[in-house]
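Keep the picture open while you read.

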Amino acid sequence: MALKLWASSAANALKLSSRASAPFPASSISRCFSSVIDGFRYSDSHEWVKHQGDVATIGITDHAQGHLGEVVFVELPESGTSVTKGSGFGAVESVKATSDVNSPISGEVIEVNSKLTGAPGLINTSTYEDGWMIKVKPSDPSELQSLMDSKEYSKFCEEEDAH
Amino acid sequence: MALPQAIKAGLPCMNLLRMTAVPILEQLYLEERLLRTSAENWCIINHGTSLPTIVMGISGRPSELVELKPVLRDQIPVIRRFSGGGTVIIDNGTLFVSLICNKNAIPGLQPYPHPIMSWTGQMYGQVLHEFGDFHLRENDYAFNSHKFGGNAQSIIKDRWIHHTSFLWDYDARNMEYLKLPSRAPKYRSARSHVEFLCRMKNYVPSRTTFIEGTIKSLGGHFSIRPFDLDELGSLSGSGSLSGSTKLLTRQELEEAYSFQCVAVR
């Protein structure tokens, strides 16, 4: 019973936190309580990557922001910093917690989203658009292939919430 | 060969580190180091801290949270810690309990703020419900609507820390060093520090009762292994770890005070 209580509290947080955010592109898919974007890639630590040409844009997913709650502070690296696949590059603060954000790929940070300093809540309200965190020049684009696509990631989230 | 009972039960191990009057800065350095570089579960208990000290969360700004004129005058240390949450002033009446866990240590517990807060709240509720009307109120521990425990967390990829400062006792005069926070829980209802807080010693028979009760409650989920401070070597110094916990310099506090004065005009 206790296990179900803990898992359900996470699910309830997700239900309460899912909200109407900025309109998604037509290719978005809603599954259960979290949304994903077709064409993006996803890590098992709940970051998303949008890869266009030489630039990979990175943020945290709707699943993550729903579980974290209102984001009140974002810590980001400086441009020029190197990031490594699977390692932390920054953090978000929500409720009483700081949570590490990990880079899904390796490369060099070429831009950070300075809007998040004054409006950290963009991560909640515009998770896949204005809530992006860093832009990276990938050092090894093949790393993207090891990430999940939207279907795989949705299934991953469902399985995680089912535990 | 007979195995210890707890190991037979298949419970994960939790190292229990008990300290007395270790400075809070040292404790925070240690916790951040254990969170990021250890693979084990830890319970760290520290009775009091040597000096009254202000501890802000990771995003804390002294100009907004601290009465800087008396802080500078009285040379009160101000720390920005690595975890989230609000600002506390701690002294030798504060009791610290910190739990550092691998994300799979507690079956079914997802490593997010709400589930961790809920689980730890239930754990402490088991310890404290017989002493008062215990509640987890918007992330605080309270008897009725009076806060006695402040919580903060830091969650990394595969581990988390949930640390609590318990007001066993406190010097009400120290509250004058803190501003009323702009971001406060609703149940606070704009009460002053003194009206909002309570002292655990007015509810619980002794610190030992609380500590032993907490260890017993944790023992339902972990195999508790006492750990000696000497086994950790030097407390301070993080080796190659670049931690986030920082003692603010006098210059930083003076700059914040200048900013505070301008804001008032």
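1. First, the ground rules. This is a predicted model, where local features need pLDDT of at least 70 and side-chain atom pairs count only at pLDDT 80 or more, while totals for chains, interfaces and linings use all residues. Residues are numbered from 1 along each chain as its sequence is written, chains are lettered from A and ligands numbered from 1 in the order in which they are written, and side-chain values use heavy atoms, with hydrogens and water left out.

2. Chain A in outline. Of the 163 residues in chain A, 49% are buried (buried is under 20% relative accessible area, exposed is over 50%, partly exposed is in between, with a 1.4 Å probe and protein chains only). Take the contacts in chain A between residues at least 6 apart in sequence: 64% of them join residues at least 24 apart (a contact is heavy atoms within 4.5 Å). Chain A exposes about 7,400 Å², with 52% of that supplied by carbon and sulfur atoms (areas by the Shrake-Rupley method with a 1.4 Å probe; for residues, only the protein chains shown count as cover).

3. A sheet in chain A. Look for 6 strands in an open, antiparallel sheet, in the order β3-β4-β5-β11-β10-β7 (two strands pair if DSSP finds at least two bridges between them). β3 (41-42) and β7 (82-83) of chain A are at the edges with a single partner strand each, so one side of each has no neighbour in the sheet. Inside the sheet, β4 (residues 47-52) and β5 (residues 55-60) of chain A run antiparallel and are joined by 6 bridges. As an example of who faces whom, His51(A) is opposite Ala56(A) in β5(A).

4. Where does Lys96(A) sit? It is in the loop between β8 (88-94) and β9 (97-102) of chain A. Is Lys96(A) buried or exposed? At a relative accessible area of 15%, Lys96(A) counts as buried. Leaving aside neighbours within four places in sequence, Lys96(A) contacts residues that include Gly84(B), Met117(B), Asn139(B), Asp140(B) and Gln153(B).

5. β8(B) pairs antiparallel with β7 (residues 134-137) of chain B over 4 bridges, and Phe134(B) is opposite Phe143(B). These two strands form a hairpin with 2 residues between them, and Glu138(B) in the turn has a positive phi of about 45 degrees. β8(B) also pairs antiparallel with β9 (residues 146-155) of chain B over 4 bridges, and in that hairpin Asn144(B) takes a positive phi near 55 degrees.

6. Pro185(B). This residue is in the loop between β10 (159-167) and α6 (193-196) of chain B. Pro185(B) is partly exposed, at 23% relative accessible area. Beyond neighbours within four places in sequence, Pro185(B) is in contact with Glu138(B), Asp140(B) and Phe196(B).

7. Helix α2 of chain B. α2 (residues 24-37) has 14 residues and spans 20 Å from first C-alpha to last, close to the 20 Å expected at 1.5 Å a residue (the expected span is 1.5 Å times one less than the number of residues). Mostly, α2(B) is covered, with 10 of its 14 residues buried.

8. Cysteines. How many disulfides are there over all chains? The search finds 0 (a disulfide is a pair of cysteine sulfur atoms within 2.5 Å). The sulfur of Cys101(B) is 8.9 Å from the closest cysteine sulfur, in Cys43(B), which is too far for a bond. Cys43(B) is buried at 1% relative accessibility.
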